Amino acid sequence: MLVGRMFWSRSVAQRTALLLLAGLFLSIMALATPLNHDESQYVAGAVLAAESVPFRDFMALQPPLAFWAWMPLTLLFPGWSFLAIRLSSALFGLIALAAVADSERQLGNESWRWPIGALLLASTNIFLFTSSVARNDALPGMLLALGMAAGLRGIMGRPGWAGAAGLFLGAAAAAKLSFAPSLAVAGLMMLLHRRRLGIRGLGAFAAGAAAGLASLLAAFLLAPEAFIFGVLRMPLAAPFDWYAGVEDGWSLTLPGKLLGVAGAMLVGPTFVALAAVLAGMRKDGRDPRVQFLLALVAGGLAGALLPTPTHPQYLLPLLPSLFALLPHALERIKWREVAYVALGLFAIIGIAPSLFALSQGFPALELEEQAHRIARHAEAPIATLAPDRAADSGLAIDPRFATGPFLFRSGSVLTVSDAIRYKVATPAALEALFKERPPRSILIAHEAGGRPGAPPVDRPLQLWARRHGYRELALPDGVGRLYVATAKIGDWR
C-alpha cells in the first residue's frame, strides 16, 4: 500500500497505458539485448545462492543482495533462470520509471507533461541497457528511485516516508556500493531540514537506512576476509592489472573517466537534461524538495565517478533525480524550445542501439536453447568462465568459477594459497584445485578474450582438459567447446 500510494494520479488511465507500453518494450529488450560478459558472475551468484552462501562457499565481486533477490527466481523457473533474471531487470526498470513520474508529479507537474522526465529517462541507452540485462544495476536503480519518491514526501516533515526513503536508499547502497553517495547526500539533506522533520523523522530515516544496509553487514559477518577481498580489494586492484596489460591505462585516469562519462551522456538526452537542470535551478533553491533532488543529482555524479574505470552503466545513480527535476527546470529556462528539440533528437540517438538490437534476433532465447542442449551431453559440475551459458542446463556449476572471467583473468592479484582458501580458480591455482576436485565437464571459448598477443583467457582450461583426456565437442553456435570427462554418445539434436 505504501508504494501504491506513491504512484496514484488523477491520470490513472494515461499513466497505466504508458507504463504498460514501457513494460512491454523493456520485456522485449530483455530478450533482444546482446549477451554481456558481465552477466556471467550475476547469474552464477543467483544460481549458487540457492544452495550456498556468498563469500563463505563461493567468491563474489559484488555485494550479495542481488543474488538473494534473484535466488527465488532460479527456484521458481528452473532451466530459465537467465531469462527470468533479465525480465526481473525489466520489471525493476518499470518500477523506477513509475517512481520518477511520481516524483515529477510531486513537484507540481500535473499537466499533460507529467511523464516527460520518465519517458526521456526511458530513451537513454544507459537505462535501456541496465533494464534488459542480468546485472546488478536495475535493482539498486529501482530502490534509488523509490527512495527518491519517498524522500520528497519525507523531507516535507512526514516521518513515515522519511523512514521509507532511508530503507530504499540504504538497500540501494547495499546492492551496489556506487549508490552509497546517494544515501549519504539524502541523509545530509534530512539533517539540514531537521527542524521540519524533527527527531522522529531523523530517527525514522536512520533506522530505515540501517535496515536497508543490513544485508551488507550480514554478508560481511558470514565471511569477513573473503568479503573484504571480493568487494573492496579486488575491484581496486584488478582494473589496474587488466587495463595496463591491454594498454588502455588512459581509461583509469581522471580525464579518461570524465571523457567516458561525457560520452555516455550523449547516447541519449542525459547531457541536455543536465544542462537544463543546472540552468533552470540556479534561482530555485528554496523548495526543500528541489534541494533534495539536486543533492541526489550530485550524489549520482559522485557515484558515477567512484568506480575505476567508468562505464556507461555507472551513470545510473544520476538518472532518476535528474529526469525527475527536468520538467520543473524546463519551465524556468529561456531556451525551452531549443531544449525540447535537443532532448527529442538525443532521445532518438539513445534508443537507436536498442532498435538495432531488435533486428538482430533474441540472444537470450538462443542462450537458453543451448543450455538445454548442453544438459544432454555434459556432466556436473561444469567448470567455465561463462557460467551464464550453462546455468540453465540443470547441471551444477563449479562454484570456483562463480566470478566468471574477471578474477581468473586477473589471477595475479591473488596468491595460490589465497585462491585455495577463498575457493576460487586462477590460472596458477588451477592444477592444485583440479587435482583435489576435478570438474566433470569444461565449457570454453565464450569468454576467450585476452590481452593483445596473448592466448585466450580460458586457454589454461582447454589445455588441462586435453592433458587429462577429456573428449571435445563443438557447440552448435560455432564458438563454444565442451570437454567431458566421460563423453556421452550422440549428436547435438
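**Exercise 1.** How are α3 and α5 oriented to each other?

*Solution.* A quick note before we start: this is a predicted model, where local features need pLDDT of at least 70, side-chain atom pairs count only at pLDDT 80 or more, and totals for chains, interfaces and linings use all residues. Numbering runs from 1 along each chain as its sequence is written, and side-chain values use heavy atoms, with hydrogens and water left out.

Step 1: grab the geometry. Helix α3 (residues 39–48) packs on helix α5 (residues 81–106) at about 110 degrees, and their axes lie 11 Å apart.

Step 2: classify. Angles of 65 to 115 degrees count as roughly perpendicular, so α3 and α5 are roughly perpendicular to each other.

Step 3: list who touches whom (contact means heavy atoms within 4.5 Å). From α3 come E39, V43, A46 and V47, and from α5 come S81, F82, I85 and R86.

**Exercise 2.** Work out how buried α17 is, and check its length.

*Solution.* Step 1: α17 covers residues 319–330, so 12 residues; its expected span is 1.5 Å times one less than its number of residues.

Step 2: compare. First to last C-alpha, α17 reaches 16 Å, close to the 16 Å expected.

Step 3: burial (under 20% relative accessible area, 1.4 Å probe, protein chains only). In α17, 12 of 12 residues are buried, including F323, P327 and H328.

**Exercise 3.** Which radius of gyration does the chain have, next to that of a compact globule?

*Solution.* Step 1: the rule is 2.2 Å times the number of residues to the power 0.38, over C-alpha atoms.

Step 2: for 493 residues that gives near 23 Å, and the chain has 23 Å, which agrees.

How values were computed
Axes fitted to C-alpha atoms, helices over the stretch in contact; angles between N-to-C directions. Helix = DSSP H or I, 4+ residues; strand = E, 2+ residues; numbered from the N terminus. Parallel < 35°, antiparallel > 145°, perpendicular 65-115°, else oblique. Buried < 20%, exposed > 50% of the residue type's maximum accessible area, 1.4 Å probe, protein only.
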